[in-house]
Amino acid sequence: MRDLKSIISQMTLEEKAGMCSGKDFWRLKSVERLGVPEVMVSDGPHGLRKQSGDADHLGINDSIKAVCFPTASATAASFDRDLLYRLGDALGQECQAENVSVLLGPAVNIKRSPLCGRNFEYFSEDPYLTGELSAAHIQGVQSHHVGTSLKHFAANNQEYMRMSCSSDMDERTFREIYLAGFETAVKKAKPYTLMCSYNKINGEYASENEYLLTKILRDEWGFDGYVMSDWGAVNERVKGLKAGLELEMPGSGGCTDAEIVEAVKNGELDESVLDRAVERILDVIFRYVDNREQQTFDLDAHHHLAAEMEKECAVLLKNNAMLPLTRGDKIAYIGGFAKTPRFQGGGSSHINSSYIPCAFDVTSKKCEILYAQGFAHDKDEIVPELFAQAIETAKQANAVVVFAGLPDSFESEGYDRSHMRLPDCQNRLIEEILKVQPNVAVVLHNGSPVELPWADKVKAILEMYLGGQGVGEATDALLFGDANPCGHLPETFPIQLEDNPSYLNFPGDGKHVNYAEGVFVGYRYYEKKKMKVLFPFGHGLSYTTFDYSDLKLSSDTMTDDSIVTVSVRVTNTGTVAGKAVVQLYVKDTTGAANRPEKELKGFTKVALDAGESKTVELQLDARSLSWYNEELHDWYAASGTYEILVGESSADIRLQANLSFETAKKLPFVVTMNTTTAELLAHPELVDAVRAFEQSLKKEDEQPASEVASEAVSDEMAYQMYLASPLRSMRSFSGVPTQTLLDHINNLNAILKKSF
Ligand code: BGC
């Protein structure tokens with residue numbers, strides 16, 4: 001164990017301030033005389049972007065050759081924790097081999113709108129899936145003592161004005177949707193570092209938000225690493241340091257270090273706050289430095305791994321008995337992506353890929369294949385000759401696979417998409433091909449949902465997402481059945497952009513963006529509104545079929561501290577081996593809060609040979625049933641019945657069981673003059689006292705209402721008015737003196753106190 005405190009005690013004030021910002025774009029500073037070496041950080045998240053040579057001031061000079069693994073848009077579709085661990089493990093090896101101490105990722109922001117330019121780097125519209133998969137990614141990287149930087153903390157769900165815009169939302173939405181993924185990753189996988197986001201949250205920059213960086217992150221979740229800024233996210237350095245932002249990246253040429261020194265000297269900043277920050281940074285530096293591994297970085301082996309992973313990620317969205325194709329049939333690949341696949345997005349995650357075999361080359365080595373480019377794949381423009389050649393080729397073939405997708409310029413860090421469509425030239429070409437060829441499959445390359453106006457006319461759709469540099473091999477294997485598709489959608493494909501819940505409030509006016517849809521993000525919204533979608537959350541087909549049976553709960557009752565194991569038997573009922581993604585959703589039927597129809601709370605992927613059955617187990621605890629209660633400032637599930645739903649997608653639930661939950665948690669409740677009858681009657685312990693009080697007010701000579709009066713005020717109306725009446729109204733309607741009411745209120749509060 002290093003004596004960090006002793007090292008810090010020997011540092012000058014300037015050295016300590018210096019440790020809190022980068023030396024350049026990628027390196028932290030060293031203090032050689034005290035044995036603190038210089039360490040490097042690099043992007044992330046789905047490959048190593050280590051800049052070769054000296055860092056330039058924007059960090060965009062050439063980076064070393066590396067392997068681009070499938071992006072998070074794709075790996076999320078694997079629904080496979082092991083796959084994410086293997087990805088992290090490979091990246092950790094690469095970092096050790098290249099002497100990179102922290103890999104900047106994973107990025108876990110929620111895909112609030114399909115338009116966010118950076119969606120390809122993010123996992124899902126669902127925080128549970130996001131949290132589970134990112135935790136596995138972190139565990140894999142950190143198994144090599146290389147740090148991760150979980151980013152972008154928090155509520156950074158768009159690129160538009162990302163450095164200044166304020167993401168405005170209520171506490172419940174923040175906790176349930178936008179923080180929950182971070183929370184799981186921090187608690188389960190303990191990332192060495194977190195990267196705060198550029199944006200403000202409810203008016204305060206994330207980089208100086210004490211509630212976020214200290215209260216939630218450290219005090220509640222137990223984070224024990226350091227927080228770094230996103231590149232250039234620092235607003236007021238000293239305020240940030242006090243709030244819990246330890247490291248500023250990149251450096252500021254010394255100006256903000258000088259501000260820290262000055263603040264200590266003039267008493268504005270307690271030196272112990274600086275010491276604590278330096279200690280946290282040194283601790284992470286030495287976790288890496290003291291555990292160096294002799295690693296080699298095998299580009300070919302990792303390329304192979306990237307291709308294998310992508311086979312597990314692609315989602316077969318539709319298949320009307322067209323796929324798998326048969327080698328030797330007269331098949332045409334149409335679309336430039338067949339020769340130049342789009343496999344990653346633009347910006348800081350851009351990998352200098354070692355080798356990118358395309359689907360056309362891979363397939364051509366195995367069987368004859370026709371090809372036509374069809375459209376210019378880098379812009380939205382019809383090129384008449386290409387168009388005509390494609391139609392001719394489509395006529396000659398027995399089946400056509402169109403390689404469609406978003407061009408680079410449509411999807412990148414730094415700006416959002418302006419619409420959800422594919423380039424019009426691609427849609428036009430697909431429509432024209434359909435006029436001459438009945439057997440059309442479409443392969444998609446995109447990092448986020450697109451509108452598919454021809455979806456009901458083509459026979460098959462295979463979503464590859466931005467699948468990394470092995471996408472060509474994976475596409476070939478999946479199209480011809482050498483691999484069986486087993487990805488499932490980590491997000492909903494709405495029919496059109498206007499259906500998306502954030503539509504009216506995305507991306508805001510540049511100063512503020514109002515998360516008005518609250519917790520109803522993605523399927524939580526579409527299901528509640530009973531809206532038709534193109535493809536639902538969790539959807540994914542296979543070349544085989546699965547049957548679900550024997551749903552069992554280890555207990556049909558649950559309390560705050562118990563765990564219930566859900567088991568279900570899955571059988572491969574087809575003729576080929578495949579992998580099923582078992583999804584568990586929970587539906588709250590207690591009526592205690594306005595909640596989504598159901599929410600994902602468990603999943604697992606299971607490999608099954610043809611005819612094979614396996615029983616899988618998933619665990620639930622009180623948190624699985626809970627929502628975030630703003631009065632308690634805590635997670636809460638009301639006592640009552642919860643439906644446990646198991647299926648193959650959010651829209652394909654196969655089995656259901658009831659779970660009865662009993663909580664000892666009580667919501668804060670104090671009776672006042674403004675408490676309504678309905679609120680009183682919702683508390684069983686008060687009902688007798690309320691009834692007794694009402695009885696005591698009954699007058700002996702009370703006359704029943706006349707017929708005319710009953711017509712004007714129906715029984716239902718009278719009852720509803722009674723429920724909605726605050727206690728104070730008894731003064732006006734029942735002539736109850738104020739003091740009598742106050743005595744009644746005191747009595748009710750005393751009963752409540754006793755029952756706590
Ligand atoms: C991005 C981060 C990235 C950093 C360093 C920023 O612009 O938002 O995700 O890690 O640059 O490249």
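**View 1. Helix 4 passes helix 5 in a right-handed crossing.** In this predicted model, the two helices pack at an angle of about 35°, and their axes lie 6 Å apart. From helix 4, the residues in the contact are Arg81, Leu84, Tyr85, Leu87, Gly88, Asp89, Leu91 and Gly92. They meet Tyr128, Glu132, Leu133, Ala136, His137, Gln139, Gly140 and Val141 of helix 5. Sorted by class, the contact of helix 4 with helix 5 holds eight nonpolar, five polar and three charged residues.

**View 2. Helix 4 also packs against helix 11, at an angle of about 160°.** Helix 4 covers residues 81–98 and helix 11 covers residues 299–313, with 11 Å between their axes. The angle is over 145°, so helix 4 runs roughly antiparallel to helix 11. The crossing of helix 4 with helix 11 is left-handed. Helix 4 contributes Leu83, Arg86, Leu87, Ala90, Gln93 and Glu94 to this contact. Helix 11 contributes His302, Leu305, Met309, Glu312 and Cys313. Six residues of the contact are nonpolar, two are polar and three are charged. Leu87 of helix 4 is listed both in this contact and in the contact with helix 5.

**View 3. Helix 5 and helix 6 cross at roughly 30°.** Helix 5 spans residues 127–142, helix 6 spans residues 171–189, and their axes come within 8 Å. The angle is under 35°, so helix 5 is roughly parallel to helix 6. Helix 5 passes helix 6 in a crossing that is right-handed. On the helix 5 side, the contact is made by Pro127, Thr130, Gly131, Glu132, Ser134, Ala135, Ile138, Gln139 and Gln142. On the helix 6 side are Glu176, Ile177, Ala180, Gly181, Thr184, Ala185, Lys188 and Ala189. The contact of helix 5 with helix 6 has seven nonpolar, seven polar and three charged residues. Glu132 and Gln139 of helix 5 take part in this contact, and both are also listed in the contact with helix 4.

View 4. A polar atom in the side chain of Arg118 is 2.7 Å from an oxygen atom of the ligand. For Tyr198, a polar side-chain atom lies 2.9 Å from a ligand oxygen atom. In the side chain of Asp230, an N or O atom is 2.7 Å from an oxygen atom of the ligand.

**View 5. Phe79 has a positive phi value.** Its phi is near 50°, and Phe79 is a residue other than glycine. Phe79 sits in the loop between helix 3 (72–75) and helix 4.

**View 6. A cis peptide bond joins Leu323 and Pro324.** The omega angle of this bond is about 0°. Pro324 belongs to the loop between strand 9 (315–319) and strand 10 (331–334).

**View 7. The peptide bond from Phe506 to Pro507 is cis.** Here omega is near 5°. Pro507 lies in the loop that runs between helix 15 (471–479) and strand 15 (512–514).

Key: Residues are numbered from 1 along each chain as its sequence is written. This is a predicted model: local features need pLDDT of at least 70, side-chain atom pairs count only at pLDDT 80 or more; totals for chains, interfaces and linings use all residues. Side-chain values use heavy atoms; hydrogens and water are left out. Axes are lines fitted to C-alpha atoms, for helices over the stretch in contact, and angles run from 0 to 180 degrees between N-to-C directions. Helices (H or I, at least four residues) and strands (E, at least two) are DSSP runs, numbered from the N terminus. Angles under 35 degrees count as roughly parallel, over 145 as roughly antiparallel, 65 to 115 as roughly perpendicular and the rest as oblique. A crossing is left-handed if the near helix is turned anticlockwise from the far one by less than a right angle, and right-handed if clockwise. Contact means heavy atoms within 4.5 Å. Ala, Val, Leu, Ile, Met, Phe, Trp, Tyr, Cys and Pro count as nonpolar, Asp, Glu, Lys and Arg as charged, and the others, Gly among them, as polar. A polar contact is a pair of N or O atoms within 3.5 Å; within protein, one must be able to donate a hydrogen and the other to accept it, and residues adjacent in sequence count only if both atoms are side-chain atoms.
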